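Colleague: Hi, could you walk me through this one? I'd like to start with the overall picture.

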Amino acid sequence: MATLPHVDVLIVGMGVAGGIIANELAKRSPGLKIVALERGPYRATWPDFIQDHFDEWRFGVQSELHQNLANVTVTFRNKDAQSARPMRQYGAFKPGNGVGGAAVHWNGVSWRYLPYFFEYRTHLETRYGKTFLPEDTTIQDWGVSYEELEPFYTQYEQTFGIAGKAGNLNGALQPGGNPFEGPRSTEYPQPPVTIAYGPTLFRDGAAKVGHQPFPQPSANSPARYTNPDGQTLGACNYCGFCAGYGCHAGAKASPMTTVIPSALATGRVEIRQLSNAFRIDHDGKKATGVSYYDASGQEQTQTADLVVLSAWTLENTRLLLLSGIGEAYDPAAGTGNVGRNYTYQTGAVVGGAIANVWWEDKLTNRFMGSGSNGYAIDEFNSDNFDHKDLDFFGGGSIACNNPGSAPILGSGPLPPGSPRWGAGWKQAVHDWYNRSAFFTMQGESPAYRQNYMDLDPTYRDAWGNPLLRITFNWTDNERKMVRYIADNVLQPIADAMAPTHKDVRGDLPDFDITPYQSTHVQGGTIMGTSPETSVVNSHGQVWGLPNLFVAGGSTFPQNAGYNPTGTVGALAYRTADAIASRWLKDGGMLG
Amino acid sequence: MDDPQTPTPADAGEMRALLHRRRFLGAGALGAAGAVATAAAIPLALAQQDAGLAAPEAPGTPQPGAGPALLRGYVSLSPFQAAVLEAACERLIPADDLGPGAKEAGVVVFIDRQLANEQAGFRGPYYRQGPFTPGEPTQGDQSIMTVRERFRIGILGLEGEAQSRFGQGFAAISPARQEAILADLEQGKPDTFGSASLVTPPTEGAPGSLADLAPPVAIPARAFFTMLLSYTQAGFFADPIHGGNLGMAGWRLIGFPGAQLGYAGWIGKHGEEFTGTYQSLADVQGFAHHEGE
């Protein structure tokens, strides 16, 4: 084992969070030597995506850009009483792999969370009383307010060139935007993308039944855009190969088109690709560095004054557990916090509130599009609607998106009753592939005592370290939520869209790890106001190890009814700001 | 850091230069094989985009006969296995008035190529460490068996079902009988099948020789059907560079134009039929376009 020359800052994982923090520290603190470890390869627009990515089999189906399950996967069970099994193939979610992280292959839906969501438990208990929430829910306040986060949301949106229409500018509602969003200090840096036909039919249907549809915010740059760091995004070509693919036009905002080239341009950031961290080294009072397997598989130790762990939800949690940092969560005893509050997203595939519509006289051109290319409504997200007389809490954003549907995975869905194969199937895909649209609720996944992560006692990764074990299932709360939304919201909108056929569903069977559902996997190293109830403070700083920061969705106490990346970005900017402006001067735990 | 590998990707002029260089290199590398690097669609579209215009769907330049003859052959399957698969896949996607079926579209060539990679499942790399213990349905398949083994056993199962029900091999029975077997498999009938289902050897030979000698092995029939259907549809819809979807038959059936640079000029034309030229990734990469390939 080699010990490498000491550095100032060591970052583990170079996705949205790690890339932002590397770039901010490199720009603002020129004296720092920064090293970043990334388990995957360095792939950029050139030479990797520019001509070769239009391949559904290679990227969309065979997951070339995602975590290599042959090396590391997770194990899963629905409840403690079961024995976990490894996810041998993809799979409910698709962690990224490579410099840029999952944001290389994301579709680019970029939200801000609702202001009250950062004080969610307080908000719900104040509005409905202390007995309203289910006894087993462990949702909690974040320890940071929307107002504190707003400048960092803005910085993230400016840097990533987010396209959208403000609904609330400094408290004044704006026509055409989301009337439920928190006040923005400024308009989106770019106007909305050009939106495809299917979503506009949803927009019209939703408006007809009284809702207020608005363009879903998008990280697919509608035009050439130069960000405050001087990095330029290309204009989206609406090629339809977006979620699961790198962008050939450099138009999808990702760390590889924004913060990472900016960080590298300082000359003070070194990225070690194909490097797998397996332990945060520490002495109980401070982190001393990280041990990792380098590109050839050799063990290395890198010491540093400051360690930032930004390796996505699953690896952030696993690395703390493997390193003996914090106390592992024990659901039976109710002790420990590492691994607690694993949350997910009620999705759009096997279960959830889903509507498919087909028109015999409308060509919707589903093959065109960009990852975030749609209209949304927010009337039924979170607590935007009164739950006083309902038997559940929570909700979700409802959107019709036209991300580009390639045919191996997207020749359907087909109208109810269509054959699955043979001449009848052939006729059905011929008739309906290009005459359909779907819309869905991206639903909240509250935290519960029984849903958590820990180390698997049996299965190991390619290097012999224990895999992370996920214990998770939906509860009746989400089942009632999904059913209510399907029957009372999706159904009337579908009717208003006047389709030839429709199929509205609101079922939520036991969570199943096998079909793809959502890569919005949160929790495990959650933030809060006290070490009794959290792993990190609202800056991501680990309680008791003040030179170790954790960034990313693993710090979310619970997931919202929105895609998480906007909030990952804003929190990373806030962490970087706290480190640059305060921690580097004073050290210690930040208040 | 000044990294020549990471140009500002958004600079269309630079992208054009890079693409030009790439095509030039590609032409050089392929020159010996006689490939012609065509002036592909990308620079034109980027130029249009640069000028603030919508990118049109500029087709690749077809140059029939200019490229190397592509050899098509099986790298994983035996002729017997390919014949059974061809018959089964053709029932899942039959030729009819709407266009070619699985056989004509080269679906079995696609499957054959996929089976050559024993490390991958349908969704890519596969976690392959034990113990291999069955779990709940929500935990997914836990068998160590490769996709190639599953196909090998499932093909023997198809043959055995045909033999036991109809007295002939699967490729020899009528389409209606083939469909009946597949429809039963979809319903989990029989529960498992494989070489144990064989009545006689799968090909003509000494009566009983293989059936007697082959150690029986079986897999769940319904899971095999699901896997077969997934691979058949993938072979029908994947880019032709992977061996199936010949002539872009699957894409033409449903109206998917293939590997297009983009639709910046079309996305706002709601409800209008796309009239550009369908193209494969091979066209984008500058390979000569062969009608029917």
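Modeller: Happy to. Chain A has twelve helices and 24 strands, where helices (H or I, at least four residues) and strands (E, at least two) are DSSP runs, numbered from the N terminus. This is a predicted model: local features need pLDDT of at least 70, side-chain atom pairs count only at pLDDT 80 or more, and totals for chains, interfaces and linings use all residues. Residues are numbered from 1 along each chain as its sequence is written, while chains are lettered from A and ligands numbered from 1 in the order in which they are written.

Colleague: How compact is chain A?

Modeller: Its radius of gyration is 23 Å, close to the 25 Å from the globule rule for 591 residues, so chain A is as compact as a globular protein of that length. The radius is taken over C-alpha atoms, and the rule is 2.2 Å times the number of residues to the power 0.38.

Colleague: Nice. Which strands of chain A form the open sheet of six?

Modeller: The order is S7-S16-S17-S18-S15-S21 in chain A, with antiparallel pairing; two strands pair if DSSP finds at least two bridges between them. Strands S7 (214–215) and S21 (501–507) of chain A are at the edges with a single partner strand each, so one side of each has no neighbour in the sheet.

Colleague: What packs on that sheet?

Modeller: Helix H6 (residues 197–208) of chain A does, touching strands S16 (374–377), S17 (396–401) and S18 of chain A. Contact here means C-beta atoms, placed from the backbone, within 7 Å.

Colleague: And how do S15 and S18 of chain A pair?

Modeller: S15 (residues 352–358) and S18 (residues 436–443) of chain A are antiparallel, over five bridges. Within that pairing, A:Asn356 stands opposite A:Phe438.

Colleague: Switching to chain B: how many of its residues are in contact with chain A?

Modeller: 73 residues of chain B are in contact with 71 residues of chain A. On the chain B side, H1(B) has the largest share, five residues. That side divides into 38 nonpolar, 23 polar and twelve charged residues. Here Ala, Val, Leu, Ile, Met, Phe, Trp, Tyr, Cys and Pro count as nonpolar, Asp, Glu, Lys and Arg as charged, and the others, Gly among them, as polar.

Colleague: What are the domains of chain B?

Modeller: Domain 1 is 12–71 + 247–284 and domain 2 is 79–128 + 142–242, with bounds from an automatic or database domain assignment. Nine residues of domain 1 of chain B are in contact with ten of domain 2 of chain B, and H9(B) gives the most to the domain 1 side, with four residues.

Methods:
Contact = placed C-beta atoms within 7 Å. Axes fitted to C-alpha atoms, helices over the stretch in contact; angles between N-to-C directions.
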